[in-house]
Amino acid sequence: MKKDLQVLASIFLVLVLVLVVGGVSAAESNPTVLRTTATATPETVDPARGSGENDNMIFVNVYESLVTPNQDNGFPEPFIATEWTVSDDGRSWVFKLREDVVFSDGNPLTAADVKYSMERMIEIGEGYAFIFKDIVNKVKVIDNYKVEFVLKIPFGPFLSTLDCFKIVNKKLLEANTLSEGRFGANGDYGTGYLLTNSAGSGPYVVTEFKIRQSVQLEKNANYWREIPAQAPDQVLITQVREPSTTKMLIANGDVDMVHGHQTKETLQALLKNEGIIHGNASEFGLNYFMINTKKPPTDDVHIRKAISYATNYELMNEIFGGMPKAQGPVPPTLWGASSNFDNYYYNPEKAKAAIAQSKYADTLKDYPLDLAYIQGNGDTDKLAMVLAHDLQAVGFSVKINEVPWVLFCNNQKVIETSPHITNAFCTANYLEAGSILEFKYASWTTGNWNQNEWLLDDKFDTMILEALGTIDADARKQKYEDIQKYLVNEVVPSVYTFVSVLKPVWNSDVFSWRIGQGKPHPIVEYNYYYADFAMK
Amino acid sequence: MRLAYLLVLKRLIHILVVLLVLSFVIFAFIRLIPGDPVRISLGPMVSEETVQKMRSELYFDRPLVIQYAHWLKGIVTKGDFGLSLYTHRPVSADIAEYLPKSLELALYSGIMILVMGVLLGTISAIFKNTWLDNLVRFISYLGVVTPPYAFGVFFMLLFGYILKWFPIGGMPKIDPAMTRTGMLGLDALLAGDFALYGQILKYMFLPALSLSLNSIAYQARIHRSSMIENINADYIQFAEVAGVKRIRLIMKHMMKPSFIPTFTIYGLQVGALLGNAFIIEVIFRYAGFSQYSLNVIMNKDPYGIVAITFIFGIVFAIVNMLIDLGVSKLDPRISLEV
C-alpha cells in the first residue's frame with residue numbers, strides 16, 4: 001500500500017512539474033489573427049444545408065452569389081453575374097457571368113458550377129432549398145459564362161433570393177463525392193466533404209472546422225480580386241455560450257470580438273473593459289408577440305387590438321437596451337417595408353375600450369391567456385412578464401409559460417396546442433418584405449413556430465401571391481404596402497415590439513470595421529465580411 | 001485467479017443484458033418526448049418531403065422494434081450507432097472525437113480525487129480533534145456543499161483572469177497528424193512533445209480541479225471516518241505497544257483496511273465524473289463528451305441520446321467491476337461470488 005501511495009504521489013508531482021514547466025512555452029498570438037466568439041457556430045460549411053445567421057456569417061466570406069446586396073439599401077446588384085435579362089412572362093432569367101472568377105483551388109467558376117450548385121441545393125432539400133424548390137424548374141447552361149434559370153412561376157423577388165444561393169466548386173465536389181449516399185446517382189452529393197471543408201470562390205477558405213466548436217478561416221491565396229493587406233490573415237471563431245467565460249475572455253484580451261445576442265447585463269459588463277466598445281446592426285427581424293387568431297378569446301380582432309394597445313413598447317425596448325420600435329409587420333430595413341399606417345402604441349384605456357367592443361367583454365375571465373416564451377432566449381422572459389402584467393391590468397387573466405425550444409416548436413404544429421400568445425424573434429429569409437410576410441402569415445406556411453398566428457386568411461393569401469408574382473419592383477413594393485396596411489388595420493395578428501438589433505462587442509484597439517464606423521451593412525452578415533476589416 | 005475471470009465474464013454478461021434493456025427503454029422514451037427530431041434538426045422551413053425522406057432513411061417511420069433491431073444490427077455489424085441529427089455525422093465519429101477527451105479529463109480528476117481525498121482524510125484522522133483536523137473538515141464541508149460550476153467560475157476568475165496562471169478555458173492546438181487516441185495529453189506524450197503536454201495539462205488543470213473538488217471533499221470525509229475506526233482497533237493498539245514505528249503503522253496497518261470504503265465510494269465518484277462534467281466543460285470550453293451529451297439531449301437527437309446512455313452505462317459498469325476486483329484484492333476476506 002505504501003508503495004502504491006508513493007507511486008501515486010510521484011505521478012502527481014510529475015504532473016505538477018510538467019504543468020509548471022510546460023506553461024512557460026505558451027505560444028504567442030499572431031497579430032493578423034482575428035479572434036472572435038459566437039454563441040453558436042455553424043452546423044456545417046455546406047451552403048446547401050445552412051441558413052442561420054451563424055452559417056451566413058461564414059458563407060459570405062467563403063462563397064459568392066450571382067448578385068450582391070447594395071451596401072446602402074440591400075437591393076441586389078451585379079457581382080458574379082455582370083448583367084441579366086428577364087423574359088416578359090417573368091419565367092426566364094438569363095445571367096452573364098464574369099470570366100475572371102476562380103475558386104480557391106484555381107478552377108474557373110463557370111455556368112456549369114451555377115447549374116450544379118442550384119440542382120444540388122434543391123435535391124438536398126435543406127438550407128434555403130425551400131425558397132427555390134417551388135420556383136426553379138430547371139437551369140440551362142447556354143455557354144461557359146451564360147446560364148438560364150427557367151422558373152415554374154413568375155416570381156418577382158427572384159433576384160433578391162439569389163443572395164441565398166451560393167455557388168460551389170463542381171469539380172472539387174465531384175472529386176470528393178462518395179458513391180454511397182442519400183442522393184441516388186449523386187451519392188452523398190459531397191455533403192460529407194462539405195461538413196468540414198469549403199469549396200467556394202470567396203476571399204477566405206475554411207482551414208479548420210470543428211462541428212459546434214470552432215471555425216478557422218484563412219485568406220484565399222487564389223482570390224480573383226485583391227484582398228486588402230490590412231484584412232486579417234486568419235479568423236478564428238469559437239463557440240462560447242457561457243456569459244462568465246465570455247466576460248473573462250474579453251477582459252483578458254484572449255478574444256477581440258464577441259458576436260451574438262448578449263443580455264443587457266453581460267453587455268454592460270463587457271463594456272467596462274478598456275478599448276471595448278459595441279455597435280448596432282439592425283437585423284431583418286422583429287420581436288413579435290404572435291397571437292393565435294383561431295382560439296377564443298384571441299380569435300376576436302378587438303381582443304387582438306386590446307393586446308396591441310396594452311403592450312408597453314417603450315419599457316420593452318428599454319429592457320433590450322434601446323432597440324428601434326417596430327413600424328409594422330416588416331423590419332424597417334427590409335426592402336418593401338412600409339410605415340404608412342397608424343401603428344399601435346401603449347394606451348391601457350384604448351385597450352379597455354377594445355375589450356368592451358369584443359364578444360368576450362363579459363366573459364373575459366373565463367378565457368385565461370396562455371403566454372409562452374422560449375426557455376433561455378435572452379431577456380424575452382422579461383418581455384413576457386411585462387406584457388402579462390399590463391394585460392392583467394386591463395382585465396385579462398394570463399398564465400405565463402417558459403417552454404423549452406423543442407416543445408415550443410412542437411406545440412405550434414397544430415392550432416389546438418398553439419398558445420394564445422407566443423414571443424419570439426422572426427427573421428426574413430431573403431431580402432424582401434415578401435419573405436417575412438409569406439412565412440409568417442400565408443396559409444401554406446402554418447405549422448411552424450414562426451406562425452403562431454394561424455392566419456389562414458384567403459384575402460391575405462391572394463394578396464401575397466399576387467405580390468410575389470409581380471416582376472415590376474415598384475408595383476411589387478406597392479402591393480407589399482397594401483398587405484401591411486391590411487394586416488395592421490384589419491387583422492392585427494401580432495404585436496410588433498421592436499427591431500432585432502445585433503450588438504457586437506469588440507476591441508477597438510485591435511481592428512476597425514464598418515459597424516465601428518457607423519456604417520452598418522443593411523444585411524447583417526455582410527458586416528462580417530472579413531476582407532473589409534482593418535487590423536491595427 | 002480463475003474466480004476473477006469467471007466474475008469478469010459474469011459481470012460482462014450482466015452489463016450486456018442491462019445495456020440492451022436500457023437502450024430499448026431509451027428508444028421507447030425518446031418516442032414519447034414531443035417534437036419531431038428531424039424537423040427540429042432541419043428547421044421549420046424545410047419541405048415535408050425532405051423531412052419524410054430523412055425520417056425514412058433513419059428508420060424513424062418504422063415500428064419501434066424494427067427501428068431498434070436496425071440500430072442494434074448497425075452496432076454489431078459495423079460499430080455504427082446511427083446518424084447524429086445534431087452534428088450531421090455518424091454518432092460513432094462523435095464518440096471517437098469527444099469521449100477520449102472527457103475520459104482524459106476524468107482520469108486527471110480521478111487521480112486528484114484519490115490522492116487529495118486520501119491525503120486530507122489521513123491527515124484529518126491522524127490529527128483528530130486538533131486545529132488541523134478542524135481545518136480539513138471545514139474545507140471538506142465547503143467542498144461538499146459547493147457545486148462544481150461555482151468552483152469553475154471562481155477558479156477561472158482567480159487563477160485565469162486575476163493571477164493569469166492558467167488559461168481561461170479552451171485547449172491548445174494539436175497537429176491532426178499527432179492524433180492517435182483522441183486524448184490530447186496522451187497523444188502529445190506519445191509524440192514525445194513534452195512542452196505541448198505541459199501546455200495541455202495547464203489547460204486541463206482548472207477544469208479537472210473544479211470537477212474533482214466535490215469528490216475530494218467527500219472522499220476525505222469517508223477516509224477520515226474509516227481511518228479513525230481503524231485507529232481504535234485492537235490490532236493497531238497492539239502494534240503500537242509492540243513498538244511498530246508510527247509511519248509504518250499508518251501506511252501499512254491502518255491505510256489498507258481503511259481503503260475499502262474509500263475505494264468503493266471512489267468507484268461511484270469516478271463513474272459519475274463523466275455525467276457531472278457537462279457544466280464544467282461548457283464553462284471551460286472543453287469540447288468533451290459531457291458537453292456533447294447535453295447538446296444531443298437538448299436537441300432531441302435520438303441516436304445521440306441512445307449512444308450516450310450506452311456509453312455512460314458501459315463506463316459506470318466497468319468502473320464498478322474494477323472497484324469490486326480492487327476491493328477483493330485489498331481484503332481477500334471479501335469473497336467474490338460467481
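Strands are DSSP runs of E, at least two residues, numbered from the N terminus. In this predicted model, strand 8 of chain A covers residues 204-210 and holds Glu208(A). Glu208(A) has 16 C-beta neighbours inside 10 Å. A buried residue needs 20 or more, and an exposed one has 12 or fewer. Glu208(A) therefore counts as partly exposed. Along the chain, 222 residues separate Glu208(A) from Tyr430(A). Their C-alpha atoms lie 28 Å apart.

Helix packing in chain A was examined for helix 15 and helix 16. Helix 15 spans residues 458-468, and helix 16 spans residues 473-491. Their axes are 9 Å apart and meet at an angle of about 160°. Angles over 145 degrees count as roughly antiparallel. Helix 15 and helix 16 of chain A are therefore roughly antiparallel to each other. The crossing of helix 15 with helix 16 in chain A is left-handed. Helix 15 of chain A contributes Phe460(A), Met463(A), Ile464(A), Glu466(A) and Ala467(A) to the contact. From helix 16 of chain A come Arg476(A), Lys479(A), Tyr480(A), Asp482(A), Ile483(A) and Tyr486(A). By class, the residues of this contact between helix 15 and helix 16 of chain A are seven nonpolar and four charged, with no polar residue.

Chain B was considered next. Its secondary structure consists of 14 helices and zero strands. From the N terminus on, the order of elements is α-α-α-α-α-α-α-α-α-α-α-α-α-α. The C-alpha trace of chain B spans about 85 × 55 × 40 Å along its principal axes. Chain B has 338 residues, of which 42% count as buried. Contacts in chain B between residues at least 6 apart in sequence were also classed by separation. Of these, 72% join residues at least 24 apart.

One helix pair in chain B was described in detail. Helix 5 of chain B runs over residues 91-126, and helix 6 of chain B over residues 131-145. The two axes come within 8 Å and cross at roughly 140°. That angle makes helix 5 of chain B oblique to helix 6 of chain B. The crossing of helix 5 and helix 6 in chain B is left-handed. On helix 5 of chain B, the contact is made by Leu120(B), Ile123(B) and Ser124(B). On helix 6 of chain B, the contact residues are Leu132(B), Asp133(B), Val136(B), Arg137(B) and Ser140(B). The contact of helix 5 with helix 6 in chain B divides into four nonpolar, two polar and two charged residues.

Helix 10 of chain B covers residues 234-241. Of its eight residues, the number buried is zero, so helix 10 of chain B lies largely in the open. Just after helix 10 of chain B, Gly243(B) takes a positive phi of about 90°.

The contact between the chains takes 48 residues from chain A and 42 residues from chain B. On the side of chain A that touches chain B, four helices of chain A each supply at least two residues: helix 1 (2-23), helix 4 (129-133), helix 7 (243-251) and helix 13 (405-411). Helix 1 of chain A gives the most to this side, with 12 residues. The side of chain A that touches chain B comprises 23 nonpolar, 15 polar and 10 charged residues.

Technical notes:
Residues numbered from 1 in each chain as written. Chains lettered and ligands numbered in written order. Predicted model: local features only at pLDDT ≥ 70, side-chain atom pairs only at ≥ 80, totals over all residues. Contact = placed C-beta atoms within 7 Å. Nonpolar A, V, L, I, M, F, W, Y, C, P; charged D, E, K, R; others polar. Axes fitted to C-alpha atoms, helices over the stretch in contact; angles between N-to-C directions. Parallel < 35°, antiparallel > 145°, perpendicular 65-115°, else oblique. Left-handed = near helix turned anticlockwise from the far one by under 90°.
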